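Have a look at the picture first, then read on.

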Amino acid sequence: KFNWAIKSNLEFASLGALGKILGFAHQWTSSATNISALASWTEIGSFALSYTPIAATSKLLFIAQLNLTVRAVNNSYYGHMQVRFKHGSIATSEHWDLYTGTGSGTSTAHTFPYTFVCEFDATNTTARDTTVELHNASSTGGSNNGHLYFNEYSGRSSMTILEIAA
């Protein structure tokens, strides 16, 4: 069961009623990846968060902070990136769109420091990885669509999982 949401004001008050934190894992990366030419969903290299739940009945709170840059190439092409997460072998059906309209070749880049939050059931105590998947969502395809980057300009992205007793 997935419950994915983008939150600008993180609200964790409802988690206090669940119980204590049983465990956690954290992963960060500052490696830059150009995703401009990635027309299909692609995992970002070695940026994976591995975690083995302690209890099958617990809740897992997932928090990702991603540094994403989108820039249009010229007055004919815009920048359009999509983001989703994969937990174990299950890719989310939901995704988020980052978009910038057309501009000149020197258009200002839009850097989005996004925070994604979701909560899901552990369901078992099997180890699993959570990864970020990105792609160029242009209707024209190819790298002429826009300048799309993960961790450009010395960016730093992270993922955290907190296991909470149910």
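## Starting from L66

Let's begin with L66: setting aside neighbours within four places in sequence, L66 is in contact with F47, V83, F85, F112, P113, Y114, F116, V132, F150 and S157. Contact here means heavy atoms within 4.5 Å.

A quick word on the ground rules. This is a predicted model, in which local features need pLDDT of at least 70 and side-chain atom pairs count only at pLDDT 80 or more, while totals for chains, interfaces and linings use all residues. Residues are numbered from 1 along each chain as its sequence is written, and side-chain values use heavy atoms, with hydrogens and water left out.

## The nonpolar core

Which residues touch the most other members of the largest nonpolar core? They are F62, L66, M81, V83 and L134, in a core of 28 residues. A nonpolar core is a set of buried Ala, Val, Leu, Ile, Met, Phe, Trp, Tyr and Cys residues joined through side-chain atoms within 4.5 Å. Buried means under 20% relative accessible area, exposed means over 50%, and partly exposed is in between (1.4 Å probe, protein chains only).

Strands β4, β5 (59-72), β6 (79-87), β8 (96-100), β9, β10, β11 and β12 each give two or more residues to this core. The largest share, 6 residues, comes from β5. Strands are DSSP runs of E, at least two residues long, and helices are runs of H or I, at least four long, numbered from the N terminus. In soluble globular proteins, nonpolar side chains tend to be buried together.

## Rings that pair up

Now for the aromatics: a search of the whole structure turns up 4 aromatic pairs. Rings of Phe, Tyr and Trp (its six-membered ring) pair if their centres lie within 6.5 Å; planes under 30 degrees apart count as stacked, over 60 as edge-to-face and the rest as tilted. F47 and F150 have ring centres 5.6 Å apart and planes at 45°, so this pair is tilted. Because F47 lies in strand β4 (residues 42-51) and F150 in strand β11, the pair ties together parts that are 103 residues apart in sequence. Both F47 and F150 are buried.

Elsewhere, ring pairs link F62, F85, Y114 and F116 into a cluster.

## H135 and its partner

H135 lies in strand β10 and is buried, because its relative accessible area is 9%. Its side chain makes a polar contact with the side chain of Q82 (2.7 Å). A polar contact is a pair of N or O atoms within 3.5 Å; within protein, one must be able to donate a hydrogen and the other to accept it, and residues adjacent in sequence count only if both atoms are side-chain atoms.

Most residues other than glycine have a negative phi. Phi of T123, though, is near 65°, and phi of N151 is also near 65°. Are these two buried or exposed? T123, in the loop between β9 (110-121) and β10 (128-136), is exposed, with a relative accessible area of 55%. N151, in the loop between β11 and β12, is buried at 2%.

E152 is found in that loop between β11 (146-150) and β12 (157-164) too, and E152 is buried, with a relative accessible area of 12%. Leaving out residues up to four places away in sequence, E152 touches N67, T69, R71 and H147.
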